[in-house]
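This report walks through one structure, from overall make-up to individual side-chain pairs. Please keep the sequence and the model in view while reading.

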Amino acid sequence: MSGENWLFQAFVYLAAAVVAVPLAKRFGLGSVLGYLLAGVAIGPFGLGFVGQEGEDLIHVAEFGVVMMLFVVGLELEPALLWRLRGPIFALGGLQVMVTAFLAAAAALALGLLWQEALAVGLILSLSSTAIVLQTLNEKGLLRGEGGQSSFAVLLFQDIAVIPMLAVFPLLATHGADHDAASHAATTWTAGMPPWAQTLAVLGAVAAVVLAGRFLIRPALSAIARTRLRELFTAAALLLVIGIALLMTQVGLSPALGTFLAGVVLANSEYRHELESDIEPFKGLLLGLFFIAVGASIDFALIVAQPLLIAGLVLAIVALKFGVLFVLARLFRLSFDQSMLFAFALPQVGEFAFVLFSFASQEGVLGATITGPLVAAVALSMALTPLLLLVNERLVQPRFGTPRQTEREPDAIDEHHPVIIAGFGGFGSTVGRLLKANGVPTTVLEYDSDRVDLLRRLGLKVFYGDASRYDLLASAGAGEARLLVLALDTPERTLELVHTARRHFPHLQILARAFDWGDALELRAAGVDHVYRESLDTAARAGADAMRLLGSRAYRAVRAAQTFVHHDEAALDELYQHRHDFSVYLSEARRRIENLERIMLADREDRSLEHDAGWDAESLREEVRSIGMSRAPTAPGGGVSGQDT
Amino acid sequence: MARLLILFAHPALEKSRVHRRLIREAQAIEGVTVNDLYEEYPDFQINVQREQALLLDHDLIVLQHPMFWYSTPAILKQWQDLVLEHGWAYGSRGNALRGKLVLSLITTGGGEAAYQHGGFNRYTIAELLAPIAQTVRLCKMEYLPPYVIFGTHRMDEDAIAMAAARYRRLLLALRDDRIDLAGVNGSPVLNPAVAMLLEG
């Protein structure tokens, strides 16, 4: 792709995505199908904007899968991964072996050599991590049992690719096409003896884990301290790309490596920030990947041999579906979760494209076999979102168990009911008070030194700019009930209010304001609970002043509290009439005007006077005027007994 | 139809078994205003103007609370001290509340037998409530015999549910003027009259 051509290509891909995806979502088809259709539309058999480079693009865009697994890893704490070890190895292992065996048997029956049949079976046993995770996540199904099992199986398949790559050269039946296979020789480990290769693999994994623990966190902390957001993004990308490179060099799957790094960093304070930095790249690359898959579907071949291709797709999907469903039932998933599991994974994955080309390079499979199979694989991927729709619309309503139990509590991340943005003096007091009363909070803080300190003290604090939508989302704003705003400046507070009101209208916002000008703006922005940081402490200082001048303590405290109530009512009043008098006034003029109105309101409020109920003066007067004969009756019920 | 105002005082409703049920019933009845004092004034800053306006708007005031140290919870005393102002509620020119009815609706942990002369608590409920009765009279209102839910310590869930149902029907009867208030005057508690009403 040359200069302007490159821009044109980018334009075509982005335009296709921007048009097709919203349309697909409008019709309830999900973004993955939207991208795939966009790919078909601009591909050689649609508008013809994209030619054969579609397949090259798949390899580039596969990096989206690498990033996706990094993000998945970030959301998976090591403890949860450990709990999933059963499903990963037992369920995943059985799925790959049984599917591979049955597919190979079928291929053998169709007249393939046993080596070819085995290779085909192994390739077909894999499913598409990209499509399945993206679609399930979009539908919110990833955290259910069926979703978790799907994830476990996909993870095992990612591991299983490595031995497959090792075994394929042994299955060669005709001369290997080693000119094209040159990439295999570029890895550091290619020339090493097997034991050294194993050592290199183990060393690389250990390096990722240790670096994640002891190197990456301090490095991220140093970068965060520069407060340059784009530098942090660059560091996040560097991290993912670096690990991917390392893994490729030792012959491991890059997706697996970044997944591991993600898990190691899942407990770190930078997790939400990393996640929100990688997210847009991941989304774009995955979109590109799906478009490329759509564009690479060979309609010429399909038109030439429609029955063969359709039969292949049907047979593959049916076989995988059957194996998946039986295994799910064996592993005691409920009927509807088993259905979801089986409907999610029956396609063949993106690794198939890699493995098919590798297999033909190594001389395992010929073009007559790979051609129709590649078409069938692409079609089976395109079919997945449709199959899940069938499950959702037709199967579940009819055969699924009705959903009467509440959704299980989140396993991947405990979502706290309160998010506190800004953990300075104000935010930390709120947080400590809530914590002392058993209310867990998620804290977002932009000052990385403070984050370090608070984490050393054992608090759950995350680094990041809370006014970013994606960071709020990954901190659980969708599930939280309250958002406490204690940021350092009114501007950032208002920015965050707008973001939260737009994307999370259910969140109740409690906002710290600096003065009443600020408080009025927050009220105008739709915040019902506004706390002026100076009001209560200033009132307490006023009360102490009264005490020092000789007032009784309770009278001073009650006077101060009454004043606070009055002041908030006056602010409310000011807010109601803000449009009457603010239009033509400058900001400074308006502040003076506001102060004047508040002081005037002070004069009119009867409640600010000394409490009449405790004032026996009028009572004494009445008693004196009636005369001593009635005296014992009247004061008996009043409070004058405490007086005189 | 009488307008009912329930002045409700319970400092720890989250720990309450009986009042939580009762007040939920009351809140569901049309024509009954529940004024939850501890919820409204957690800092004891009674808004006198608001409280006086509420009193003026209603015909029958129910003081609903658990018995604390043979008296009301603290906030209800604070409420009396501040809201019932001289020259407004009592005194030669204090006639704002004249003619209204007041009913104490009380729960006690001990049983009815404990509140008798010679019983564990030595005094009857009516005697213990004498300060309230006199306050009401001084404010020119009429004090009804108290309705007492005795023995809440020993109540199981079924008994609480029954008490709540009776309470609901009592409030409805008061609202719709279906209790012969002249007839109950002078009896120590309202309970027998309510029992008769509910059976009849």
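## Ground rules

Helices (H or I, at least four residues) and strands (E, at least two) are DSSP runs, numbered from the N terminus. By that scheme, Val98(A) is found in helix 6 of chain A.

The model is predicted: local features need pLDDT of at least 70, side-chain atom pairs count only at pLDDT 80 or more, and totals for chains, interfaces and linings use all residues. Residues are numbered from 1 along each chain as its sequence is written, chains are lettered from A and ligands numbered from 1 in the order in which they are written, and side-chain values use heavy atoms, with hydrogens and water left out.

## Chain A overall

Chain A has 29 helices and 6 strands. It has 644 residues, and 48% of them are buried. Buried here means under 20% relative accessible area, exposed means over 50%, and partly exposed is in between (1.4 Å probe, protein chains only).

Take the contacts of chain A with a separation of 6 or more: 76% join residues 24 or more positions apart. A contact means heavy atoms within 4.5 Å. The accessible surface of chain A is about 31,300 Å². Carbon and sulfur atoms hold 64% of that surface. Areas come from the Shrake-Rupley method with a 1.4 Å probe; for residues, only the protein chains shown count as cover.

## Aromatic pairs

Over all chains, the structure holds 9 aromatic pairs. Rings of Phe, Tyr and Trp (its six-membered ring) pair if their centres lie within 6.5 Å; planes under 30 degrees apart count as stacked, over 60 as edge-to-face and the rest as tilted. One pair is Phe321(A) with Phe343(A), edge-to-face, at 4.9 Å centre to centre and 70° between the planes. Phe321(A) lies in helix 15 (residues 306-330) and Phe343(A) in helix 16 (residues 335-344) of chain A, so this pair links distant parts of the chain, 22 residues apart. Phe321(A) is partly exposed, at 21% relative accessible area. Phe343(A) is buried, at 10%.

Phe325(A) and Phe335(A) also pair edge-to-face, with 5.9 Å centre to centre and 80° between the planes. Phe325(A) is in helix 15 and Phe335(A) in helix 16 of chain A, so the pair ties together parts 10 residues apart in sequence. Phe335(A) is partly exposed, with a relative accessible area of 29%. Elsewhere, Tyr35(A), Phe289(A) and Phe290(A) form one aromatic cluster.

## Nonpolar patch

Which residues make the nonpolar surface patch of about 740 Å²? They are Leu94(A), Met97(A), Val98(A), Phe101(A), Leu102(A), Val326(A), Leu330(A) and Phe331(A). The elements giving two or more residues to the patch are helix 6 (85-109) and helix 15 of chain A. Helix 6 of chain A gives the most, with 5 residues.

Patches are made of residues with over 30% relative accessible area and no salt bridge: like charges are joined within 9 Å, nonpolar side chains (Val, Leu, Ile, Met, Phe, Trp, Tyr) within 5 Å. Val98(A) is partly exposed, with a relative accessible area of 30%.

## Salt bridges in chain A

The whole structure has 11 salt bridges over all chains. A salt bridge is a side-chain nitrogen of Lys or Arg within 4 Å of a carboxyl oxygen of Asp or Glu. Arg512(A) and Glu533(A) form one, at 2.7 Å, N to O. The pair links distant parts of the chain, 21 residues apart: Arg512(A) is in strand 5 (residues 508-513), and Glu533(A) is in the loop between strand 6 (529-532) and helix 24 (535-548) of chain A. Arg512(A) is buried, at 7% relative accessible area. Glu533(A) is partly exposed, at 35%.

Arg523(A) bridges to Asp572(A), with the closest N and O atoms 2.4 Å apart. Here helix 23 (residues 516-524) of chain A, holding Arg523(A), is linked to helix 25 (residues 553-576), holding Asp572(A), and the two residues are 49 residues apart. Arg523(A) is buried at 15% relative accessible area, while Asp572(A) is partly exposed at 31%. The charged end of Arg523(A) also sits over the ring of Tyr575(A), 4.4 Å from its centre. That term requires NZ of Lys or CZ of Arg within 6 Å of the ring centre and within 35 degrees of the ring normal.

## Salt bridges in chain B

Arg175(B) and Asp176(B) form a salt bridge, their closest N and O atoms being 2.9 Å apart. Arg175(B) is buried at 14% relative accessibility. Asp176(B) is partly exposed, with a relative accessible area of 28%. Through shared partners, salt bridges join Glu40(B), Arg50(B) and Glu51(B) into one network.
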